[in-house]
Amino acid sequence: MSLYPAIARQPRQRAKVLFHIALHGTRTEYELHQELDIRDSTIHYALKQLAKHGMLRAIQRKKREGIRHSIPYRLTTLGLLVALTMNHDSKKIRKIVEVWPEVCPR
């Protein structure tokens with residue numbers, strides 16, 4: 001896997017989705033749509049591209065009969081590094097590290 005897509009500047013909406021997950025933790029498409037007020041098709045595409053390039057990982061859940069579940073997406077180590085380089089605000093960087101202790105070594 002090439003690191004170029006991860007280190008290249010992300011499109012604005014994709015960067016917004018990645019940074020929101022970095023700041024607030026694991027999110028589903030529906031949660032992102034509600035919290036960011038971005039079209040669901042834009043969020044869907046952003047999540048797929050971020051996952052394709054290794055910055056997010058989909059968490060597979062067992063489906064219960066008759067109940068449709070959204071797939072939650074979580075940050076990977078690569079996604080953490082990209083999110084940390086997107087913003088130079090030290091308070092936001094500290095918050096990202098607090099939200100993702102399992103991905104970010106102390």
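Accessible areas here come from the Shrake-Rupley method with a 1.4 Å probe.

**View 1. The whole chain and its surface.** This is a predicted model, and its protein chain shows about 7,100 Å² of accessible surface, with 52% of that belonging to carbon and sulfur atoms. Of the 106 residues in the protein chain, 42% are buried. Count the elements and you get 6 helices and 2 strands; starting at the N terminus, they go α-α-α-α-β-β-α-α. As for contacts between residues at least 6 apart in sequence, 59% link residues at least 24 apart.

**View 2. Helix α2 crossing helix α3.** Here we zoom in on α2 (residues 12-24) and α3 (residues 29-36), whose axes come within 11 Å of each other and cross at roughly 100 degrees. That angle makes the two helices, α2 and α3, roughly perpendicular, because 65 to 115 degrees is the range that counts as such. On the α2 side, the residues in contact are Lys16, Val17, His20 and Ile21, and they meet Leu32, Glu35 and Leu36 from α3. Sorted by class, this α2 with α3 contact holds 4 nonpolar, 1 polar and 2 charged residues.

**View 3. The Arg27 and Glu35 salt bridge.** Searching the whole structure turns up 1 salt bridge. Side chains of Arg27 and Glu35 form a salt bridge, with 2.9 Å from N to O. Arg27 has 16% relative accessibility, so it counts as buried, since the cut-off for buried is under 20%. Glu35, with a relative accessible area of 38%, is partly exposed. Glu35 also turned up in the previous view, as one of the α3 residues that meet α2.

Technical notes:
Residues numbered from 1 in each chain as written. Predicted model: local features only at pLDDT ≥ 70, side-chain atom pairs only at ≥ 80, totals over all residues. Heavy atoms only, no water. Axes fitted to C-alpha atoms, helices over the stretch in contact; angles between N-to-C directions. Helix = DSSP H or I, 4+ residues; strand = E, 2+ residues; numbered from the N terminus. Parallel < 35°, antiparallel > 145°, perpendicular 65-115°, else oblique. Contact = heavy atoms within 4.5 Å. Nonpolar A, V, L, I, M, F, W, Y, C, P; charged D, E, K, R; others polar. Salt bridge = Lys/Arg side-chain N within 4 Å of Asp/Glu carboxyl O. Buried < 20%, exposed > 50% of the residue type's maximum accessible area, 1.4 Å probe, protein only.
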